[in-house]
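This report is meant for a reader who is new to the structure shown below. It takes up an annotated region, then a sheet and the helix beside it, and then the surroundings of the ligand.

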Amino acid sequence: MSAIPMERPVLGDDEAAALTGLAARVRELAEATVLTGAGAAEAAAVADEIAALTARLTAERRGAPPFVTPGERRMDRQIANPVSGPLNPFAPPIGLDVTSDGVVRGEFTLGAVYEGPPSYVHGGVSAMVLDQALGMAAAATGTPGMTATLETRYRRPTPLGVPLKVEAKASRVEGRKVYASGTISAPDGRVTVEATAMFIMPQRFVTSEY
Ligand SMILES: CCCCCCCCCCCCCC(=O)SCCNC(=O)CCNC(=O)[C@H](O)C(C)(C)COP(=O)(O)OP(=O)(O)OC[C@H]1O[C@@H](n2cnc3c(N)ncnc32)[C@H](O)[C@@H]1OP(=O)(O)O
């Protein structure tokens with residue numbers, strides 16, 4: 001049982017655009033927070049101002065992140081997704097395109113908030129990006145599912161602050177199970193992380209359209 005309900009408010013275009021802009025500013029704030037050299041007094045003063053802004057936003061609080069109206073794919077409605085969602089300040093966000101032959105591709109740059117080992121991307125963040133890309137590749141087969149297994153192989157460190165590529169494709173569908181694989185690669189074209197995953201469509205979603 002989740003504390004966040006399934007039912008979602010649906011945003012109009014104006015509100016979606018405004019909240020997307022707000023998320024972009026908060027993303028910049030997060031980066032500024034981990035990189036600032038403003039000093040203790042200034043940091044404390046800014047923290048007070050941010051607390052006041054947070055209070056303004058929570059004065060009208062929703063029970064769950066909103067969706068936007070259905071587009072071509074129902075999965076695109078979830079605009080607060082932590083990988084691709086423009087409404088989520090935690091998301092880079094990564095624009096992921098699905099080609100007609102089911103290949104998912106995205107280009108992205110990860111800044112200091114995603115650091116694991118100094119100057120490199122946190123391995124959990126790479127796994128999250130791949131989970132999303134492979135999940136979308138699975139969904140593109142017409143059988144979307146929950147991640148049942150995700151195996152990552154970290155072949156070399158993934159650099160921060162440079163353009164990265166993620167690519168994924170489903171390899172086969174067996175009933176409710178979909179198998180997919182993918183990679184993250186660095187600007188020199190070398191693969192830094194490989195992943196394979198298996199997604200299972202829960203029985204209760206068998207008739208849903210994604
Ligand atoms: C669908 C909605 C998603 C839409 C997404 C849009 C794309 C967005 C991209 C998002 C990307 C991010 C996505 C996320 O972040 S998804 C979030 C992370 N994943 C989860 O939280 C999943 C949690 N687990 C479950 O909900 C259930 O266990 C699932 C749904 C996976 C299976 O529960 P179900 O009750 O259906 O299973 P069953 O008992 O009838 O078994 C059926 C078959 O499967 C086999 N099996 C079961 N589990 C495993 C396992 N772990 N490894 C290997 N095999 C497993 C089992 O042996 C059997 O095999 P067989 O006997 O038939 O041979």
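## The annotated region

UniProt positions are given here in the numbering used for this chain, with feature names shortened, and such annotations may be inferred rather than shown by experiment. With that in mind, the unreviewed UniProt entry carries the annotation "domain: Thioesterase", which covers residues 120–191.

The model itself is predicted.

Six strands form an open sheet with antiparallel pairing, and their order is E3-E4-E6-E7-E8-E5. Strand E3 (97–98) and E5 stand at the edges, where each has a single partner strand, so one side of each is left without a neighbour in the sheet.

Helix H3 packs on this sheet and touches E3, E4, E5, strand E6 (164–174), strand E7 (177–185) and strand E8 (191–200). The direction of H3 makes about 135° with that of E7.

## Pairing around strand E4

Strands of a sheet pair through backbone hydrogen bonds, either parallel or antiparallel. In this model, E3 and strand E4 (residues 104–108) pair in the antiparallel sense over two bridges, and Val98 stands opposite Val104 in E4. The hairpin that E3 and E4 make has five residues between the strands, and in this hairpin Gly102 takes a positive phi near 85°.

Strand E4 is also joined to E6, with which it runs antiparallel, by five bridges. Across this pairing, Glu107 stands opposite Lys165 in E6.

## The shell around the ligand

Which residues are closest to the ligand? The ligand is surrounded by 18 residues, of which the closest are Met75, Gly135, Pro144, Met146 and Ala148. Helix H3 (123–139) and strand E5 (146–154) are the elements that give two or more residues to this shell, and the largest share, five residues, comes from H3.

Sorted by class, the shell around the ligand has eleven nonpolar residues, six polar residues and one charged residue.

Definitions and conventions:
Residues numbered from 1 in each chain as written. Predicted model: local features only at pLDDT ≥ 70, side-chain atom pairs only at ≥ 80, totals over all residues. Near = placed C-beta within 6 Å. Helix = DSSP H or I, 4+ residues; strand = E, 2+ residues; numbered from the N terminus. Nonpolar A, V, L, I, M, F, W, Y, C, P; charged D, E, K, R; others polar. Pairing = 2+ DSSP bridges. Contact = placed C-beta atoms within 7 Å. Axes fitted to C-alpha atoms, helices over the stretch in contact; angles between N-to-C directions.
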